[in-house]
Amino acid sequence: MMRFTSLERAGLGVAVISDKTDGDCGSRPEMRANVQAFLERSGRLPRRLVRLRQVHGNRVVEAGGLGDTPGMDPVEADGMFTDEPGIALGISVADCAPVMLYDPLRRVIAALHAGREGTLCNIAAAGVHALAERFACSPASLLAVVGPCAGPCCYEVSPECAERWRAAGLPACHRHLDLGTANRMQLEKAGLIRHNIEVVPHCTVCGGVFFSYRAGEISNRNLVVMML
Ligand SMILES: [Zn+2]
């Protein structure tokens with residue numbers, strides 16, 4: 001487990017991501033025991049863990065009311081937010097970037113799933129706008145962490161894909177995409193202050209700590225959990 005200490009030090013209850021030692025924390029029923037043990041190790045059990053059906057888009061939804069009914073299909077979205085203490089926002093990743101937003105003044109949080117497609121459609125800005133609209137958050141007050149993801153060392157894509165990325169104004173070195181920096185840029189453009197954005201310098205593909213789709217762990221997932 002990695003803790004996002006910059007957020008926790010600023011007063012956020014829990015901000016963590018599971019790693020290989022926590023086991024597969026995907027959303028299938030077989031993974032429930034791993035997820036439960038991971039939540040216990042995080043230090044505070046949530047009243048409810050909300051997860052989404054992530055589809056690499058930029059839809060961001062309010063978590064209140066979601067995940068109340070066991071067995072109900074999760075909502076299709078790639079980001080969610082809440083102002084309710086005890087509601088844990090859960091985002092699954094394996095090389096995609098988790099983006100966490102926290103407003104210590106308004107006491108609200110958002111968790112986003114930003115892979116290549118999500119970043120191309122600027123889910124980072126969608127998350128900032130959702131908090132501004134729903135809770136009147138000022139982007140300049142937001143703290144953000146872009147969590148461990150596929151680094152520019154390993155995120156090689158096709159020439160067409162790299163071209164599409166560059167055409168959107170996002171950073172790439174030849175055919176290697178820089179997902180972390182791209183999300184930092186998008187957060188800054190959405191009004192966040194640069195020193196309030198932390199990009200975790202850890203590549204999930206070559207780092208060996210987290211499950212990595214590109215490194216061959218096709219079905220395993222790391223789980224990001226944020227809770228007020
Ligand atoms: Zn790497």
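Which residue in S8 is the bridge partner of Gly79? In strand S8, that partner is Leu112. The following report places this pair in its sheet and then turns to the rest of the model.

## Basis of the model

The structure is a predicted model, in which local features need pLDDT of at least 70 and side-chain atom pairs count only at pLDDT 80 or more, while totals for chains, interfaces and linings use all residues. Residues are numbered from 1 along each chain as its sequence is written, and side-chain values use heavy atoms, with hydrogens and water left out.

## The six-stranded sheet

Six strands form an open sheet in the order S4-S5-S8-S7-S9-S12, with mixed pairing. Helices (H or I, at least four residues) and strands (E, at least two) are DSSP runs, numbered from the N terminus; two strands pair if DSSP finds at least two bridges between them. The edges are held by strand S4 (60–62) and strand S12 (197–199), each with a single partner strand, so one side of each is left without a neighbour in the sheet. On average, neighbouring strands of this sheet are turned by 15° against each other, direction ignored. Axes are lines fitted to C-alpha atoms, for helices over the stretch in contact, and angles run from 0 to 180 degrees between N-to-C directions.

Strands S4 and S5 run parallel and are joined by three bridges; Glu62 stands opposite Phe81 in S5. S5 and S8 run antiparallel, with four bridges between them. Strand S7 (residues 97–103) pairs with strand S9 (residues 143–146) in the antiparallel sense over four bridges, and Tyr102 stands opposite Leu143 in S9. Helix H4 (residues 123–135) packs on the sheet, touching S4, strand S5 (79–82), S7 and strand S8 (108–114), and the direction of H4 makes about 160° with that of S8. Contact means heavy atoms within 4.5 Å.

Buried means under 20% relative accessible area, exposed over 50%, and partly exposed in between (1.4 Å probe, protein chains only).

Val61 lies in strand S4 and is buried, with a relative accessible area of 10%. Not counting residues up to four places away in sequence, Val61 touches Leu52, Leu66, Val75, Ala77, Gly79, Met80 and Phe81.

## Nonpolar cores

The largest nonpolar core has 38 residues, of which Leu101, Leu131, Leu187 and Leu192 touch the most other members. Such a core is a set of buried Ala, Val, Leu, Ile, Met, Phe, Trp, Tyr and Cys residues joined through side-chain atoms within 4.5 Å. At least two residues of this core come from each of S7, S8, H4, S9, H5 and helix H6 (179–189), and H4 gives the most, with eight residues. Leaving aside its neighbours within four places in sequence, Leu187 is in contact with Val99, Leu101, Ala124, Val128, Ala144, Val146, Leu192 and Ile197. Apart from this core lies another, of 28 residues, among them Leu12, Val50, Ile91 and Val224.

The buried residues of H6 include Leu179, Ala182, Arg184 and Leu187. Just after H6, Gly191 takes a positive phi of about 115°.

## The zinc site

The zinc ion is coordinated by the SG atoms of Cys153, Cys154, Cys203 and Cys206, at 2.3 to 2.4 Å. Donors are N, O and S atoms within 2.8 Å of the metal (3.2 Å for Na, K and Ca); water is not among the atoms, so sites may look incomplete. The four donor atoms subtend angles of 103 to 118°, which makes the arrangement tetrahedral; four donors count as tetrahedral if all angles lie between 85 and 135 degrees.

In sequence, the donor residues are spaced C-C-x48-C-x2-C. Distant parts of the chain are linked by Cys154, in the loop between S9 and helix H5 (159–167), and Cys206, in helix H7 (residues 204–207), 52 residues apart. Cys154 is partly exposed, with a relative accessible area of 21%, whereas Cys206 counts as exposed at 51% relative accessibility.

## The five-stranded sheet

A further open sheet has five strands in the order S1-S2-S13-S6-S3, with mixed pairing. Strand S1 (2–3) and strand S3 (48–51) stand at the edges. Strand S6 (residues 87–93) and strand S13 (residues 222–227) run antiparallel, joined by five bridges, and Gly90 has Val225 in S13 as its bridge partner. Helix H2 (residues 32–41) packs on the sheet, touching S1, strand S2 (14–17), S3 and S13, and the direction of H2 makes about 45° with that of S13.

Terms used: Four donors count as tetrahedral if all angles lie between 85 and 135 degrees; four count as square planar and six as octahedral if opposite donors are over 155 degrees apart and all others between 65 and 115; anything else is irregular.
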